[in-house]
Amino acid sequence: MKKAFIIITIFFVCLTFFLLLQKSPEKTDKNEVVFWTLQMNDFSPYMNEVITDFEGQNSKIKIKWVDVPFSEGEKRTLAAILSDNPPDLINLNPDFSATLAQKGALEKINKVNVEQFNDEIIDSLKYKGELYAIPWYATSAVTIYNKSLFQKAGYAAIPRTYERLATVSERIKSKTGAYAFMPTITENDTMLKILNKYGINSWENINSKEAMEIFNFYKKLYKQNLIPKETVTQTQREALEKYMSGQIVFFQSGANFLNMIRENSPSIYKDTDVARQITGDLGQNDFSLMNLIIPLKSSNKEDALKFALFLTNEENQLKLAKLTNIIATNKHALQNDFYTQYDSNDLMAKARVISAKQLNKIQPVLKQSKGQKEINLLINTAVQEILLNGSDTAQVLEEVAKKWKVIAQQ
């Protein structure tokens, strides 16, 4: 009896499975746009609301949203791009987007009216004069500083340039025992970004007199113990910890770090203020960006672009901005009071207004180059040789120029 029951059960399971396989897929006259984002799951209510609004206005289009872990974004995107059925719209960083554009894997977006976006950001996304991406959201670092320690050193005017920051470093150290700043110049492309603020961004000028002066500038500070020894080995995370423990006065980073300071070091937060970013000769500001790209093999390019422009319109950008610490790329949104006014007691709002204003001066943008990771390694190794080993700056940079040229011409 038991055996018969088992046989009957197996029969019905198999029958059910067979019927499911034979079931015809639900027919629909809608075009499905597959949309990938990076680590946006925390904002699911917002994303679902935008998608629902868009589908309500576009009855023939269905958005299928897939959120990808940030750490897997590039790997999964590359695999999808190489396939014959990639997503229709993908959220990426500009560096990797530029790499894909260089390989001819992206759809051009030249025919679209992009007047709604910040002009300098649009220009930064072009490759050989062609636009391959729609900007989604940005961040631009501000200078977070301990006003109590700065005043204790006898200063009132906040340094605006690296040179001025260096001139106040010695007195800050002697009067407060704290370092003025910790530049973390071997983290990713930090040193390249600093060099770019002086117009140094290629193998042709990496060994120029001005480039040598910048490397020697940090060499002198390091030798005189006016920046922490960990500058050559540690990251922004460690610099933040030093700021929260009162070991450094200036910390340059995104406004989102203010929340971390407030939560983890409330006493330091009470003494914290913000100012605009430290700049070089060109007055250029660093910024980070996330954009939206359409793979060349996408089967729904027009609908994907339509959704991308909807996602980045004034209304939707402001909604996202009010949920996060991002800066809109839509220039109409940037004219909103949210980005132009702040209460003097609201430090986050002050940082947001400063960051938004900085997007008006981001040229020249440091763009992704062929062999970028190798170039980063070259520069960071040069920093270590010059600061740690005391090597001759001119000789080191001459060697960097030769190796960089080889990478660029491969």
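How many nonpolar, polar and charged residues are in the lining of the largest cavity? I counted classes and got two nonpolar, six polar and no charged residues. Here Ala, Val, Leu, Ile, Met, Phe, Trp, Tyr, Cys and Pro go as nonpolar, Asp, Glu, Lys and Arg as charged, and the others, Gly among them, as polar.

Ground rules first. This is a predicted model, where local features need pLDDT of at least 70, side-chain atom pairs need pLDDT 80 or more, and totals for chains, interfaces and linings use all residues. Residues are numbered from 1 along each chain as its sequence is written, and side-chain values use heavy atoms, with hydrogens and water left out.

I looked up the cavities. A cavity is a set of points on a 1 Å grid over the protein atoms alone where a 1.4 Å probe fits but cannot get out, and lining residues have an atom within 4 Å of a point. Points join across faces, edges and corners, and volume is the space filled by probe spheres set on them. I found two cavities of 30 Å³ or more. The largest has a volume of about 40 Å³, and its lining includes Thr139, Ser140, Asn325 and Ile327.

Strands are DSSP runs (E, at least two residues), numbered from the N terminus, and two of them pair if DSSP finds at least two bridges between them. I read an open, mixed sheet of six strands, ordered β2-β1-β3-β11-β6-β12. β6 (residues 134-139) and β11 (residues 288-293) run antiparallel over five bridges. Thr139 has Ser288 in β11 as its bridge partner.

Key
Helices (H or I, at least four residues) and strands (E, at least two) are DSSP runs, numbered from the N terminus. On a 1 Å grid over the protein atoms alone, a cavity is a set of points where a 1.4 Å probe fits but cannot get out, and a pocket is an open set with protein on both sides within 12 Å along at least five of seven lines; lining residues have an atom within 4 Å of a point.
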